[in-house]
Amino acid sequence: MSRSPLIRFTKLLLDFMFFSGILICITVPFIFKEAGKYFSIFKDYYIPYCVIFMIAGVFALIILWELRRMFHTVIKENPFVKENVTSLKRMGLCSFIITVIMAVRLFFVVTPAALVLVTVFVVAGLFSLVLSQVFDQAVTYKLENDLTI
């Protein structure tokens, strides 16, 4: 089992992001209600924004969950397994779903942040799918190598 400080820090960061993300998703309606007192956009589009951000948040949590699952294989020093290929494909799909959700947000208000999110999640989705293919090939090589004595 790897004891690298970088690995320990990254695991703690992923855990923090996952559990705080759950809390944030649950409290979105309250946060947006409060934000509406200061920013009219949250007041004007309260319901659609709550729905959009809560759904996107759930898919972001799925991505974090899959990263945490993958990270366990890194800790065990066995990352090239089929489960990680599946996780990467799920993360790619979730990234594309978030892209669509953030694109829907553009129908309400076009902001630079929304455009950046769309771009980031398109790139993340593509990266995840390409990486899943790389991992799939690595798993194949590893299995072939394991059978060779």
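Me: What volume of space lies in the largest cavity, and what makes a space a cavity?

Reply: About 50 Å³ of space lies in the largest cavity, a volume being the space filled by probe spheres set on grid points that are joined across faces, edges and corners. The term cavity is used for a set of points, on a 1 Å grid over the protein atoms alone, where a 1.4 Å probe fits but cannot get out. This is a predicted model, in which local features need pLDDT of at least 70 and side-chain atom pairs count only at pLDDT 80 or more, while totals for chains, interfaces and linings use all residues. Residues are numbered from 1 along each chain as its sequence is written, and side-chain values use heavy atoms, with hydrogens and water left out.

Me: Which residues line the largest cavity, and which helix gives the most to the lining?

Reply: The lining, meaning residues with an atom within 4 Å of a point, consists of Lys-11, Leu-14, Asp-15, Arg-68, Phe-71, His-72 and Ile-75. Helix H1 (5-35) and helix H3 (46-75) are the elements that give two or more residues to this lining, and H3 gives the most, with four residues. Helices here are DSSP runs of H or I with at least four residues, numbered from the N terminus. By class, the cavity lining has three nonpolar, one polar and three charged residues, where Ala, Val, Leu, Ile, Met, Phe, Trp, Tyr, Cys and Pro count as nonpolar, Asp, Glu, Lys and Arg as charged, and the others, Gly among them, as polar.

Me: Why are H1 and H3 called roughly antiparallel?

Reply: H1 and H3 pack at an angle of about 165 degrees, with their axes 9 Å apart. Axes are lines fitted to C-alpha atoms, for helices over the stretch in contact, and angles run from 0 to 180 degrees between N-to-C directions. Because angles over 145 degrees count as roughly antiparallel, H1 and H3 are given that name. Their crossing is left-handed, a term for a near helix turned anticlockwise from the far one by less than a right angle. The residues of the contact between H1 and H3 divide into 23 nonpolar, four polar and four charged.

Me: What makes H4 roughly antiparallel to H5?

Reply: The axes of helix H4 (residues 82-105) and helix H5 (residues 112-147) come within 8 Å and cross at roughly 165 degrees, which makes H4 roughly antiparallel to H5. The crossing of H4 and H5 is left-handed, and their contact residues divide into 18 nonpolar, seven polar and four charged.

Me: What makes an open set of points a pocket, and which residues are the closest to the centre of the largest pocket?

Reply: A pocket is an open set with protein on both sides within 12 Å along at least five of seven lines. The largest pocket has a volume of about 560 Å³, and of the 24 residues that line it, Ala-56, Gly-57, Ala-60, Ile-98 and Phe-121 are the closest to its centre. The elements H1, H3, H4 and H5 each give two or more residues to the pocket lining, which has 19 nonpolar, five polar and no charged residues.

Note on methods:
Angles under 35 degrees count as roughly parallel, over 145 as roughly antiparallel, 65 to 115 as roughly perpendicular and the rest as oblique.
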